[in-house]
Amino acid sequence: MILGIDTSCDDTSLALLDTNGKVLANVISSQTAAHAPHGGIVPELASRSHMDVLPRLYTETLRQANISEADLSGIAVTHTPGLIGCLLVGVCFAKALAYRLKIPLFAVNHLDGHLFSPFLTHSPAFPFLGLVVSGGHTAFYQVKAFDDICLVGQTVDDAAGEAFDKTAKQLGLGYPGGAAIEKMAIGGNPQQLTFRTVRVKMGKQYLSFSGLKTAVAQAILKQPPAVGDLPHWCASIQDAIIKQLADKMAWFLSEFSYKAFALSGGVAMNTALREHLGSVCLEQGIDFLAADKKYCTDNAAMIAYAAFKRPNLADIFLLNPQATQKIQARQLAKDMNCGES
Ligand code: KG4
Ligand code: ZN
């Protein structure tokens with residue numbers, strides 16, 4: 001029984017997985033309402049809110065799974081990447097708990113959590129092309145096994161979710177922007193005006209989304225949208241983001257023989273994106289494994305799952321510091337090899 005903890009950004013989440021990797025509880029406390037008036041996440045507010053809710057959420061998670069803490073056999077916590085204060089709160093909470101219960105503590109990379117989140121509801125198929133598309137990251141991975149992951153491409157500037165959030169803010173649609181743009185885009189004609197993302201000259205494996213907010217800013221300066229035009233603007237923005245992701249995905253699929261494509265991260269909530277990338281998979285004859293919508297945005301079930309599937313690659317093993325050092329050295333060597341190939 002593994003307890004997962006994620007406090008990497010603005011949602012506090014705890015989850016419990018049983019020995020078969022089945023989710024017994026996945027509790028999320030959202031801070032969206034606290035940050036919305038500021039138009040984005042305020043890190044200090046987020047850290048303090050994690051501190052406030054963690055103890056209560058822990059009790060609630062055990063209650064929902066109907067287990068006692070004596071049943072826990074390990075704790076998995078997000079240790080990077082994320083907002084540093086937020087990560088610290090989660091890691092300190094997890095360390096104290098692991099120390100008190102005398103059980104191992106696994107430090108999980110948040111992106112590994114997202115990458116494997118489709119397998120909370122689908123059977124894994126290797127090798128697969130993974131796309132993690134969230135508010136902070138947009139990255140493609142070649143995954144041959146749970147412990148054989150290679151980063152093959154990523155954005156050179158903004159993440160796709162950031163592009164949704166920033167353009168939504170420019171259009172006065174509030175924060176977070178992805179869901180707001182998607183809702184407003186319904187019935188809009190993406191061809192009525194065209195926003196484009198730029199091509200990156202550095203190499204085909206890179207993506208770029210920062211040009212989109214500049215294009216939208218310039219269009220607003222020229223002629224701010226009338227309320228009735230907002231659906232067309234949003235449809236065009238959404239279309240530009242989806243198009244770049246789909247083009248890049250098709251290129252990666254042509255470069256290597258994959259059995260499946262796995263989509264994850266907060267932007268994977270977007271139905272038009274799911275449909276578009278799903279149809280590319282259908283054309284290519286490969287499985288389309290999208291994370292269930294409840295596991296797209298940040299959650300602790302995916303963190304517990306990543307530790308469950310790759311315990312030998314977790315970075316901390318609190319009760320045995322020597323083992324920790326060996327594991328970290330192995331992980332580092334592996335990342336470097338991957339970079340070379
Ligand atoms: O994975 P996530 O919860 O947090 C990070 O690790 O970043 O992703 C949050 C991102 C935000 O940028 C949000 O605007 C985007 O996911 N998002 C969406 C949708 N729902 C959330 N983007 C597009 N369409 C949506 N329906
Ligand atoms: Zn995330």
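This is a predicted model: local features need pLDDT of at least 70, side-chain atom pairs count only at pLDDT 80 or more; totals for chains, interfaces and linings use all residues.
A polar contact here is a pair of N or O atoms within 3.5 Å; within protein, one must be able to donate a hydrogen and the other to accept it, and residues adjacent in sequence count only if both atoms are side-chain atoms. Residues are numbered from 1 along each chain as its sequence is written, and side-chain values use heavy atoms, with hydrogens and water left out.

**Around ligand 1**
- Aspartate 165 puts a side-chain N or O atom 2.6 Å from an oxygen atom of ligand 1.
- Aspartate 298 uses a polar backbone atom instead, 3.2 Å from a ligand 1 oxygen.
- The protein covers 87% of the 560 Å² of accessible area that ligand 1 has on its own (Shrake-Rupley method, 1.4 Å probe).
- There are 19 residues around ligand 1, and Gly135, Asp165, Gly178, Glu182 and Gly266 come nearest (near means a heavy atom within 4 Å).

**The sheet**
- Six strands (DSSP E runs of at least two residues) make an open sheet of mixed pairing, ordered S9-S8-S7-S6-S10-S11 (strands pair if DSSP finds at least two bridges between them).
- Its edges are S9 (206-207) and S11 (287-290), each pairing on one side only.
- S6 (128-133) and S7 (138-145) run antiparallel over six bridges, and phenylalanine 128 has valine 143 in S7 as its bridge partner.

Key
Chains are lettered from A and ligands numbered from 1 in the order in which they are written. Helices (H or I, at least four residues) and strands (E, at least two) are DSSP runs, numbered from the N terminus.
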